[in-house]
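Please consult the display below alongside the text.

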Amino acid sequence: MSEAPSMQEPANVTWAGASALPDASADGQARAAAMRALQSGRTQPTAAVGYESAGSLLIIGPRARVTGVVELLKKALDCTLAITDAVDQAPLPPKAAALQGLPIVCAAPTRINGHLGRFEAFVGEANLSRLLGRKRLEFDLVLDLGVPALIQYEIPPPGYYAPGDDPRASVKALAELPGLVGEFEKPKYFDYNADICAHGRSGIQGCTRCLDACPTNAIGSLKELIRVDPYLCQGGGVCATACPTGAITYAYPHASDLLESIRQALKAYRAAGGHEASLLFHDCEQGRERVDRVGRRMPESVIPAHVEEVGAVGLDAWLASLAYGASQVLLLATRLTPPKVLHEMRQQLGVASALLQGMGYDGQRVRLVEPETDEALLVALGTLGGSTPKTPADFATHNEKRNTLRMALDHLHEQTLTPAASAALPAGAPFGDVVVDREACTLCMACTSVCPASALIAGGDAPTLSFIEWNCVQCGLCEIACPEDAITLVPRIVYDPEVRTKRRTLNEEQPFCCVECGKPFATRRMMETMTARLKNHWMFQDPQALRRLKMCEICRTRDMFSHDLTPEVYSKPGPP
């Protein structure tokens with residue numbers, strides 16, 4: 001936290017060890033030109049998230065472990081101790097003399113919530129600070145020496161240290177904790193557009209991809225929308241990679257800044273005589289260290305691109321980079337890349353591979369590199385392949401994920417010699433068809449009311465259900481909302497832009513008109529289904545009551561009052 005980057009100049013794509021990379025060949029000289037072009041790129045500033053810490057530290061753990069660390073921390077921090085293997089406040093033995101004078105509770109906390117500057121600890125339902133009689137209910141920092149740790153997130157909150165049995169993690173915690181006193185800032189890594197979020201509609205839950213992928217537990221459900229806690233978010237960016245609509249976008253840097261940097265770098269590479277450049281995206285910590293170590297031995301056509309987090313570079317950036325002229329896009333994982341991030345990246349890579357293969361390209365032109373050693377990395381980089389587009393794309397993007405994907409796919413499809421009309425995609429892909437069982441569908445339009453992307457469209461006064469395939473993100477809301485189980489999702493991509501953006505009819509029927517005024521208000525199938533279901537109900541044994549089902553709302557109400565029936569004594573029927 002104390003080394004957070006400047007908030008005024010968000011991290012751009014930069015190049016690790018640029019001065020250490022050889023430029024003996026034409027490709028090496030072209031790579032140097034690409035790096036110079038990239039260094040001149042500009043990025044939009046992002047907002048900041050602030051933390052304040054006065055140095056109040058809660059140390060949790062067995063008496064022996066707590067005793068071993070408290071002497072090292074109590075001079076710099078205001079320590080409070082929770083001894084988890086004591087059952088009462090018995091006098092402490094001489095070896096624990098360092099604990100004397102510090103607030104102690106002999107109890108095992110059951111949960112901890114919060115982040116740097118705002119941690120709350122609980123024993124059962126009781127706030128631990130209240131048990132100790134503290135005026136402030138929160139702690140600034142937590143050192144959890146228990147096994148297992150109370151917080152099990154793959155990336156724990158800022159200010160929370162749980163080294164477990166790892167000696168290196170313990171040394172790191174003891175070294176960093178004394179420095180976490182004062183005011184700190186980090187970027188607000190994300191932007192959220194609730195208008196296009198596919199998480200839920202009308203009380204129905206649909207897409208949960210960002211929640212499932214987040215390694216910090218920063219994303220939660222608000223039934224129909226999501227919430228992102230900016231204090232827990234630490235910039236993994238995989239939420240933006242997973243989001244099918246672009247409702248969550250990465251803001252450090254914005255996608256448009258990232259892709260403009262890539263476009264200019266590849267353009268400079270070609271202009272300087274380079275051939276078949278491969279982009280190697282890596283993170284700013286372990287990935288950068290590894291690339292720095294092997295830089296002099298890498299192929300000179302490999303351009304190492306340093307980004308904040310490799311998981312934040314998603315399908316739109318991968319395909320756009322290929323369209324801009326990269327022969328391959330490689331994603332360097334490290335031992336610190338969280339399992340949830342790796343899982344989501346592999347899922348997205350499966351989609352990318354299917355998309356590329358359907359257009360006649362090698363599906364491995366975008367791939368994850370997970371080398372255990374530097375030598376393994378060099379072997380992976382030494383097996384590069386793939387050709388660049390005959391005519392590289394030059395389109396600009398505007399932080400609109402679906403639009404970027406559309407332009408990249410269209411360009412790559414135009415450049416291939418063996419294009420297919422369509423290709424099947426893995427389950428969970430953000431593109432696909434909706435198949436409607438016309439025999440089961442009653443055209444109730446429940447599906448259109450929950451569709452977040454305007455892929456399913458009602459016909460207005462006409463009983464018609466239409467569909468625009470490109471708009472569909474396969475969130476599943478329509479499938480869940482359909483009362484007749486008449487909808488099936490089919491993940492696929494249609495490459496012809498005219499076909500996939502054309503509005504087509506999924507189901508239609510002749511309208512059913514009011515038997516009194518002739519106004520169309522339902523479909524014949526809906527009326528037949530409703531009449532069949534209700535004809536034996538006690539409320540509809542009167543022929544006139546059954547006839548009211550076939551009236552529009554106005555005529556039905558008028559008829560009810562003409563027969564001295566009111567809504568209080570007669571449950572008004574009608575189509576849903």
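Predicted model: local features only at pLDDT ≥ 70, side-chain atom pairs only at ≥ 80, totals over all residues.

Residues are numbered from 1 along each chain as its sequence is written, and side-chain values use heavy atoms, with hydrogens and water left out.

**Cysteines**

- The whole structure contains zero disulfides, a disulfide being a pair of cysteine sulfur atoms within 2.5 Å.
- For C233, the closest cysteine sulfur belongs to C239 at 6.2 Å, which is too far for a bond.
- C233 counts as buried because its relative accessibility is 11%, where buried means under 20% relative accessible area, exposed over 50% and partly exposed in between (1.4 Å probe, protein chains only).
- C239, at 15% relative accessibility, likewise counts as buried.

**Helix α9**

- Among the buried residues of α9 are D316, W318 and Y324.
- The cover over these buried residues includes the helices α7 (255-271), α10 (339-358) and α12 (401-415), together with the strands β17 (278-282), β19 (328-332) and β20 (366-369), with contact taken as heavy atoms within 4.5 Å.
- G325 follows α9 and has a positive phi, near 125 degrees.

**Strand β8 and its partners**

- From strand β8 (residues 141-144), L141 and L143 point one way and V142 and D144 the other way, and all are buried.
- Strand β2 (residues 56-61) runs parallel to β8 and is joined to it by four bridges; two strands pair if DSSP finds at least two bridges between them.
- Within this pairing, L57 stands opposite L141.
- Strand β9 (residues 160-161) also pairs with β8 in the parallel sense, over two bridges, and Y161 is the bridge partner of L143.

**The β21-β25-β22 sheet**

- Three strands in the order β21-β25-β22 form an open sheet with antiparallel pairing.
- β21 (422-424) and β22 (432-436) stand at the edges, each with a single partner strand, so one side of each lacks a neighbour in the sheet.
- Neighbouring strands here are turned by 45 degrees against each other on average, direction ignored; axes are lines fitted to C-alpha atoms, for helices over the stretch in contact, and angles run from 0 to 180 degrees between N-to-C directions.
- β22 and β25 (residues 487-494) run antiparallel and are joined by five bridges, and V434 has L489 in β25 as its bridge partner.
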